[in-house]
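Subject: The structure, and what turned up in it

Hi there,

Here is the structure I promised to pass on. Have a look at it first, and then read on for my notes.

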Amino acid sequence: MSRFYNFSAGPAMLPQAVMEQIQAELLDWHQVGASVMELSHRSKEFKSVAEHTEQLIREILAVPKHYKVLFVHGGGQGQFTSVPMHFLRPNHYAVYLQTGAWSEIAATEAQRYGQVRVALDAKNNGYTAVAPQNSWQDFSDAEYLYYVDNETIHGLEFNNVPETGNIPLVCDMSSNIMSRPIDIEKFGIIFACAQKNLGPAGMSVVIIHEDLVERETAHIVPSFLNYKKLADKGSMVNTPTTFSWYVIGLVCEWIKKHGGVEKMEKNAKARSQLLYDFIDHSEFYINEVHPENRSRMNIPFSLADESLNQKFLEESKAAGLISLKGHRLLGGMRASMYNSMPLEGAKALRDFMQEFVKKYG
Ligand code: PMP
């Protein structure tokens, strides 16, 4: 068996050591005679898994005590709904920064629940740059300001945290959580679907200030998504996705063992810089995102001669580099490189791209 370098945007590659540990303990977890997948979520064994995972997230991201860490069904899009359902009151409005496909989808979803204004729309530059905050529309009486720290499809990443004063800041960190240190205190809510930097799909990790948890919110919020109920019941309003919860814990152990978020940041810079430098020095490959806003996680690129796309995909696959096809909205290619992608993977891709130019350029 051989594992390829997998550039999928998500579900994405997980660390090999984690996959091996899952395999080793799949049938009999910690000598209980059953798989962790087969344990009751109410058992003391699973509770220890759940608490350990939360503890690790708190430690790795330095989450202060007055923030809750919740494990929620519904992945990323579950939160697109949950946030406005909780906080967008009638006759008020929420503000979204539209910097790519995921913030656009989230803003559209929020409109189902109330009034949405867009304070920054990067669509007019093709989602290639984030304009400075002093050029955004005023949002001083918004319910919350929502943004996506890393746009997975367009390959656009914020290089600073928006200043919102007393307005709660809501951040979708699905595709770059745990890839650099963050100051949690600046945020009201951070959420991340698991299937990129954390584990298997289906679950979102939500880090939320306790004041927001305690706020009275609309009765329409379904119980299993309700932040207060989730917080009160240890994220077990109904049966949680226990297997994801367990794997997230293993991934967190791996991150901790490998130097924490500081080291993950260094790795991400090294991997992405290698590819951007190469792309910028070639006339064969193109990435149009402003260098200041280029994502360290997702690198979309196109071939100057698009008729070679299919060949590129076939030959990269034959070279052990998979899932490089770009998102259907953008076409071309995309290399997603999350925490578990070793530098060797980025080098192998760069070398392949170089050879491909020699052959067809
Ligand atoms: N936000 C971002 C930034 C994403 O990249 C994605 C999925 N790729 C989502 C949200 C949606 O996640 P899910 O498919 O788990 O709903």
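Predicted model: local features only at pLDDT ≥ 70, side-chain atom pairs only at ≥ 80, totals over all residues.

**The cores**

The largest nonpolar core has 60 residues. Ile57, Leu61, Met178 and Ile207 are the ones with the most contacts inside this core. Helix α7, residues 242–257, gives the most to the core, with nine residues. Leaving out neighbours within four places in sequence, Met178 is in contact with Ile57, Ile60, Leu61, Leu198, Cys252, Ile255, Val261, Met264 and Asn339. Apart from this core lies another, of 28 residues, and Ala94, Val116, Val148 and Val206 are among them. As background, nonpolar side chains tend to be buried together in soluble globular proteins.

Helix α3 runs over residues 75–87, which makes 13 residues. From its first C-alpha to its last, α3 reaches 19 Å, close to the 18 Å expected at 1.5 Å a residue. Twelve of the 13 residues of α3 are buried, so this helix is largely enclosed by the rest of the structure. Among the buried ones are Gly75, Gly76, Phe80, Met85, His86 and Phe87.

The C-alpha atoms of His86 and Thr217 are separated by 5.3 Å, although the two residues are 131 residues apart along the chain.

**Aromatic rings**

The count comes to 20 aromatic pairs. Phe71 and Trp245 form a stacked one, with 4.2 Å centre to centre and 20° between the planes. This pair links distant parts of the chain: Phe71 is in strand β2 (residues 67–73) and Trp245 is in helix α7, 174 residues apart. Phe71 is buried, with a relative accessible area of 2%, and Trp245 is buried with a relative accessible area of 2%.

Tyr96 and Tyr144 make an edge-to-face pair, 5.9 Å centre to centre with 70° between the planes. Tyr96 lies in strand β3 (residues 93–98) and Tyr144 in the loop between β4 (115–121) and β5 (145–148), so the pair ties together parts that are 48 residues apart in sequence. Tyr96 counts as buried at 0% relative accessibility, and Tyr144 is buried with a relative accessible area of 1%.

There is also a cluster joined by ring pairs, made up of Phe278, Phe284, Tyr285, Phe301, Phe312, Phe352, Phe356 and Tyr360. Elsewhere, the charged end of Arg117 sits over the ring of Tyr93, 3.6 Å from its centre.

**An open sheet**

Three strands form an open sheet in the order β11-β12-β14, with antiparallel pairing. The edge strands are β11 (285–286) and β14 (333–336), and each of these pairs on one side only. β11 and strand β12 (residues 298–303) pair in the antiparallel sense over two bridges. To find your way in this sheet, look for Ile286, which stands opposite Ser302 in β12.

**Backbone details**

A cis peptide bond joins Gly10 and Pro11, with omega about -5°. Pro11 has its place in the loop between β1 (5–6) and α1 (16–25).

Two other residues stand out by their phi values. Gln31 has a phi near 55°, a positive value in a residue other than glycine. This glutamine is found in the loop between α1 and α2 (44–61). Ser235 has a positive phi of about 60° although it is not a glycine, and lies in the loop between α6 (227–232) and α7. Are these two buried or exposed? Gln31 is exposed, with a relative accessible area of 72%, whereas Ser235 is buried, with a relative accessible area of 5%.

Happy to go through any of this with you.

Best wishes

Definitions and conventions. Residues numbered from 1 in each chain as written. Heavy atoms only, no water. Helix = DSSP H or I, 4+ residues; strand = E, 2+ residues; numbered from the N terminus. Expected span 1.5 Å × (residues − 1). Buried < 20%, exposed > 50% of the residue type's maximum accessible area, 1.4 Å probe, protein only. Core = buried A, V, L, I, M, F, W, Y, C linked by side-chain atoms within 4.5 Å. Contact = heavy atoms within 4.5 Å. Pairing = 2+ DSSP bridges. Phe/Tyr/Trp six-rings, centres within 6.5 Å; stacked < 30°, edge-to-face > 60°. Lys NZ or Arg CZ within 6 Å of the ring centre and 35° of its normal.
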